[in-house]
Amino acid sequence: MGETVEREFFEVLEPASQRLPFVFNSPHSGRSYPQSFLDQSRLDAHSIRRSEDHFVDELFQNATFLGAPLLRAHFPRAFLDVNREPYELDPRMFEGPLPAHANISSMRVAGGLGTVPRLVAENMEIYRGRFPVEEALTRIESIYKPYHATLRKLIARTHVQFGMSVLIDCHSMPGNVHLPGSGQRPDFIIGDRYGTSAAGELSRTAVSLLEQLGYVVARNKPYAGGFITEHYGRPTRGLHALQIEINRSLYVDEVTLVKKSGFAALAADLTTFIAALAQHVEEYGAYLPLAAE
């Protein structure tokens, strides 16, 4: 797999040499829960895991064998969500005033899913009560900012080496998600912020490749991509960003959180998908439209 760069809160799995203009990112699959955080929570150690993108980092780790780095979080999403602006914070959660630059009125804050979340899935309150605002700000300074600095460096390095970069932001979604206006349950959703974070041709190719593998695939609905996709996707500069959501029911029991027997087959399909998408970019990347749709 090449060198593994170990960090306390996250790590970069590096290929022996980078051969693909891709960067993979798994920001929500962290499952290392600080004991002090668990002590603050009203949830048990199992319930608090319901916000995880369970094992998504493992599903995509073969990307390193193909020649692309993978950045993965160790810290859990319930503790800190790096797929948000740095200061999307709910003042009702904290003792003490928030900094003036905090975004306290975003839809995500209102929904309890800010940078320091108030809720896990199904509207379950995380904390027993308020806690010092300094603690939230420390998480942002010591984890959020270094995580994004590392992601920026990986993207910049890739862009310099290949003249372009494709960020794949890797996530999972609950098994009960339905496509709007239908009862169909998608296996995958490819998000490109409605054509603003990546060339449309790249998104359509990703959808087509997964469909060829036999999966039901949607684009942008109901998930078009979060802060990371929006923030790092600059197709006019050759910086493309796609979010991929995988239906958890394909590979994990959502009650016990134990991997299903189909886990290895799904990981193999994703390896096939990555290789095929990389081949497409290698053959046609120079001709990807610079302007987003």
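So, to start: which residue has its charged end sitting over the ring of Phe263, and how far is that end from the ring centre? It's Lys259, at 4.6 Å from the centre. Keep in mind that what we're looking at is a predicted model.

Let's stay with Lys259 for a moment. Its charged end also sits over the ring of Phe55, 5.0 Å from the centre of that ring. Why do we call Phe55 buried? Because its relative accessible area is 11%, and the cut-off for buried is under 20%. Phe263 counts as buried too, at 11% relative accessibility.

Another aromatic pair is Tyr127 with Phe131, and here the centres are 4.6 Å apart with the planes at 35°, so we call it tilted. Both Tyr127 and Phe131 are buried. They're part of one aromatic cluster, together with Tyr33, Phe37, Phe79 and Phe94.

Back to the loop between α1 and α2, because His54 is in there as well. Buried or exposed? Buried, with a relative accessibility of 2%. If you ignore residues up to four places away in sequence, His54 touches Arg49, Ser172, Arg248, Tyr251 and Leu257.

Okay, on to the sheet, and strand β12, residues 239-247. Nine of its nine residues are buried. As a reminder, side chains in a regular strand alternate between the two faces of the sheet. In β12 both faces are covered: Leu239, Ala241, Gln243, Glu245 and Asn247 are buried on one side, and His240, Leu242, Ile244 and Ile246 are buried on the other.

What about the strands paired with β12? Strand β9, residues 165-173, runs parallel to β12, and nine bridges join them. Strand β10, residues 188-191, is antiparallel to β12, with four bridges. Have a look at Ile244 in β12: it's the bridge partner of Cys170, and it's the bridge partner of Ile190 as well.

The C-alpha atoms of Tyr223 and Ile190 are separated by 7.8 Å, although the residues are 33 apart along the chain. Tyr223 counts as partly exposed, at 27% relative accessibility. Leaving out neighbours within four places in sequence, its contacts are Met173, Pro174, Val177, Ile189, Gly191, Gln243 and Glu245. Gln243 and Glu245 are on one side of β12, by the way.

Last stop, helix α6, residues 200-212. With 13 residues at 1.5 Å each, you'd expect a span of 18 Å, and the end C-alpha atoms are 18 Å apart, so that agrees. Its buried residues are Gly200, Leu202, Ser203, Thr205, Ala206, Val207, Leu209 and Leu210. And what do the buried residues of α6 pack against? That would be β9, β10, β11, β12 and α8. After the helix comes Gly214, with a positive phi, near 100°.

Key: Residues are numbered from 1 along each chain as its sequence is written. This is a predicted model: local features need pLDDT of at least 70, side-chain atom pairs count only at pLDDT 80 or more; totals for chains, interfaces and linings use all residues. Side-chain values use heavy atoms; hydrogens and water are left out. Buried means under 20% relative accessible area, exposed over 50%, partly exposed in between (1.4 Å probe, protein chains only). Helices (H or I, at least four residues) and strands (E, at least two) are DSSP runs, numbered from the N terminus. Two strands pair if DSSP finds at least two bridges between them. Rings of Phe, Tyr and Trp (its six-membered ring) pair if their centres lie within 6.5 Å; planes under 30 degrees apart count as stacked, over 60 as edge-to-face and the rest as tilted. A charge sits over a ring if NZ of Lys or CZ of Arg is within 6 Å of the ring centre and within 35 degrees of the ring normal. The expected span of a helix is 1.5 Å times one less than its number of residues. Contact means heavy atoms within 4.5 Å.
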